[in-house]
Amino acid sequence: MEEIATERPAGYRYSRRGTLALIRSLSVIDNRRNALLLFLQWAIAIAAGAVAIHVDRVPVYLAAGFVIGSRIQCLAVLMHDACHGMLFTNRRVNDWIGDLFVAYPLGFSIHLYRANHMVHHRYTNTMRDRDYRVQRRDSDQHFPKSPGAMAWLLVRSVTGLNLYRMARDSRIWAPFANFHNPGRFGYDYPLWLRIRYVVWAVLFYGLILWSPWRWQILGLLLIPQFIWANVFNRIRAIAEHNGVADERELNGTRTVIPTMVDRFLIAPLNVSYHLEHHLFPSVPWQNLRRLHAHLMTDPSYAADAHVTQGYWGVIRELLPPPASTGASLPMARAENPVAP
């Protein structure tokens with residue numbers, strides 16, 4: 001198997017000198033704001049579902065699903081912040097609320113997601129990074145792709161033809177996939193956390209099944225979740241580390257400056273400022289744009305950071321360059337997949 005070094009060469013890392021005071025001021029968790037934000041996601045989703053069930057017309061169900069899917073994407077970002085302990089300052093409250101109202105409804109566990117994600121941060125773009133190994137073996141994440149192949153990838157994502165790949169690769173975060181054989185993916189899953197998930201699932205899904213609108217509720221919850229996970233979350237995930245040179249830390253991760261549409265569909269809550277997050281993972285979502293603006297005043301950062309305008313710009317970067325330029329995409333490494 002091809003080996004890729006896990007130790008980075010000298011000069012790879014971006015110097016943090018001169019930013020520590022700013023980072024301390026930005027690494028402040030706003031409990032009240034996050035609690036209100038979480039409440040709003042559920043309130044909007046429930047209201048959209050209630051309106052759809054009351055009107056009981058297909059166009060209204062479609063509109064409600066669109067709204068609910070966008071809130072599901074917000075919950076996914078909040079799960080990521082909870083994984084880093086940035087949802088609430090109290091770690092126990094962070095993990096309990098993060099599980100009961102964020103991760104469990106998405107089919108995941110904060111504990112399991114954190115175990116994998118911390119390794120991703122420590123060994124980004126190396127063979128110790130499971131996300132990178134998945135990227136190398138998954139042909140959907142091999143770039144560049146021709147315009148036709150890129151269009152076919154998006155069609156298969158919208159129609160769910162490649163949903164099994166997303167489900168297969170995310171099962172390491174799922175309590176039900178780790179319940180009978182905890183540790184099967186290399187991460188411990190304590191018994192008390194498994195019991196907590198069972199109690200939650202019985203209550204949550206039991207209340208839904210008890211309701212006279214059970215099938216409408218399940219459809220409004222699950223269908224948008226599958227679509228957002230397999231289409232918009234796939235686009236966001238591809239943008240983070242695919243098609244980057246990775247010659248140094250600043251071009252091993254991509255930041256995307258999102259449009260308003262991008263923020264609604266793909267990257268809410270500043271999650272597209274992914275390079276800044278990798279450099280300073282203690283900075284919560286609300287301060288990432290400010291951090292980006294500060295870092296861009298550093299000439300070396302502005303010159304070397306991989307910053308892309310919009311997710312349509314990401315897709316263009318993952319297409320073959322015009323023949324006249326003779327250039328090549330820096331993601332050639334992904335064309336030779338290696339099994340983990």
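## Asn 178: a buried side chain

Asn 178 is buried, with a relative accessible area of 1%. The cut-off for buried is under 20%, so Asn 178 falls within that class. The model is predicted. Asn 178 sits in helix 9, which covers residues 175-178.

The backbone oxygen of Ala 174 lies 2.7 Å from a polar atom of the Asn 178 side chain. For the backbone oxygen of Arg 171, the distance to a polar atom of that side chain is 3.3 Å.

## Neighbours of Asn 178

Which residues does Asn 178 touch, leaving out those up to four places away in sequence? They are Leu 112, Arg 171, Ile 172, Arg 184, Phe 185, Tyr 189 and Arg 194.

## The whole fold

The protein has 16 helices and two strands. Its radius of gyration is 20 Å, close to the 20 Å that the globule rule gives for 340 residues, so the protein is as compact as a globular protein of that length. The C-alpha trace spans about 60 × 45 × 40 Å along its principal axes.

Of the 340 residues, 51% count as buried. Among contacts with a separation of 6 or more, 71% come from residues 24 or more positions apart.

## Surface and charge

The protein exposes about 16,700 Å². Carbon and sulfur atoms supply 65% of that area. There are 36 positive and 24 negative side chains. The centres of the two sets lie 5 Å apart.

How values were computed:
Residues numbered from 1 in each chain as written. Predicted model: local features only at pLDDT ≥ 70, side-chain atom pairs only at ≥ 80, totals over all residues. Heavy atoms only, no water. Helix = DSSP H or I, 4+ residues; strand = E, 2+ residues; numbered from the N terminus. Rg over C-alpha atoms; globule rule 2.2 N^0.38 Å. Buried < 20%, exposed > 50% of the residue type's maximum accessible area, 1.4 Å probe, protein only. Contact = heavy atoms within 4.5 Å. Areas by Shrake-Rupley, 256 points an atom, 1.4 Å probe, with all protein chains shown as cover. Lys, Arg positive; Asp, Glu negative; His and termini not counted. Charge placed at Lys NZ, Arg CZ, Asp CG, Glu CD. Polar contact = N/O pair within 3.5 Å; in protein donor to acceptor, adjacent residues only side chain to side chain.
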